[in-house]
Amino acid sequence: MEKLNGKKILVAGATGGIGQALVKLLKQSGAEVFVTGRNQEKLGQLASAAGIPSSHQFAADVSRSPEITQLMEAVLSHMGAPEILVNAAGIGIIKPLDGLSEEDFMNSIHTNLLGTFLLVKAILPSMKEAKKGLIINIPGVLGKVPMAGAAAYSASKYGIVGMMQSIREELKRTEIRITNLFLGGVDSPFWDTIDLKVQKEKMIREEEAARSIWFLCQQPASGVVSEMVLQPFNHQAI
Ligand SMILES: NC(=O)c1ccc[n+]([C@@H]2O[C@H](COP(=O)([O-])OP(=O)(O)OC[C@H]3O[C@@H](n4cnc5c(N)ncnc54)[C@H](OP(=O)(O)O)[C@@H]3O)[C@@H](O)[C@H]2O)c1
């Protein structure tokens with residue numbers, strides 16, 4: 001296993017259910033963590049709970065290119081080149097097509113797909129210079145299998161899979177590893193705005209989802225975990 005002690009890790013979506021649990025695990029393992037999310041207040045609360053200095057937090061919207069440029073400038077000047085990017089930023093708009101507006105569709109694409117593109121594009125130059133790195137995205141199970149009501153969400157998440165597989169082809173001569181994590185339902189605030197009857201008590205716990213990412217961060221660099229699937233025991237879609 002790779003040691004996390006001293007490892008420089010950028011976590012996007014750090015203020016979310018999975019992100020917060022992950023940041024705590026990474027900090028406990030001695031990693032140097034830089035956190036980002038949109039909400040400055042939530043970032044501040046997370047940072048003080050996890051012992052992250054103010055220099056290592058930056059509020060940014062992943063769908064806005066200038067904000068991602070500023071984020072990377074802050075990361076490079078305060079932490080240095082990240083060895084790992086975990087992208088846990090995302091939104092879930094799950095509605096039947098009749099109720100799904102163009103705005104819903106574009107918001108899904110902007111946050112989930114364009115946001116991933118901008119983060120990856122911003123971080124790759126420093127990883128290429130270091131000739132190594134690890135990028136973990138969370139397309140989730142709905143990035144691999146369909147579900148009624150998930151047209152916009154799945155478009156964005158299947159898009160991440162295709163995009164990252166193409167980028168992986170470009171990076172074959174480097175030691176930059178790409179991991180797609182296919183999570184099933186996780187009991188997190190993600191579901192709070194979704195109008196669906198879900199059995200949260202049967203979902204994966206945030207801490208368990210975070211532990212799978214923490215595990216991925218420690219995989220030896222001689223190999224690559226290109227995909228990992230973690231689903232609730234009672235709902236195995238893959
Ligand atoms: N929960 C599940 O069942 C599940 C299953 C499979 C995959 N996933 C994926 O796992 C990831 C994390 O999910 P979660 O359960 O932790 O969700 P969550 O609790 O709702 O957290 C979402 C995170 O994304 C951030 N975010 C949303 N829009 C953003 C934007 N435009 N710019 C920057 N940050 C933005 C939020 O930050 P702010 O609140 O600060 O804006 C928050 O930190 C998402 O990509 C989700 O699609 C979740």
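Reply: Of the 238 residues in the protein, 42% are buried. Buried means that 20 or more other C-beta atoms, placed from the backbone, lie within 10 Å of the residue's own; 12 or fewer makes it exposed, and anything in between is partly exposed.

Some ground rules come next. This is a predicted model: local features need pLDDT of at least 70, side-chain atom pairs count only at pLDDT 80 or more, and totals for chains, interfaces and linings use all residues. Residue numbers start from 1 along each chain, as its sequence is written.

Six helices and nine strands make up the secondary structure of the protein. Its radius of gyration is 17 Å, close to the 18 Å of the globule rule for 238 residues, so the protein is as compact as a globular protein of that length. The radius is taken over C-alpha atoms, and the rule is 2.2 Å times the number of residues to the power 0.38. Helices (H or I, at least four residues) and strands (E, at least two) are DSSP runs, numbered from the N terminus.

Now the sheet. Seven strands form it, in the order β3-β2-β1-β4-β5-β6-β9. The sheet is open, and its pairing is parallel. Strands pair if DSSP finds at least two bridges between them. The edges belong to β3 (57-59) and β9 (227-230). Each has a single partner strand, so one side of each is left without a neighbour in the sheet. From one strand to the next, the twist averages 15°.

β5 (residues 132-137) and β6 (residues 175-183) run parallel over six bridges. Within this pair, L134 stands opposite R177 in β6.

Angles run from 0 to 180 degrees between N-to-C directions; axes are lines fitted to C-alpha atoms, for helices over the stretch in contact.

α1 gives the most, with three residues. In total, 28 residues surround the ligand, the closest being G16, G37, R38, G90 and G140.

Key:
A residue is near a molecule or strand if its C-beta atom, placed from the backbone, lies within 6 Å of it.
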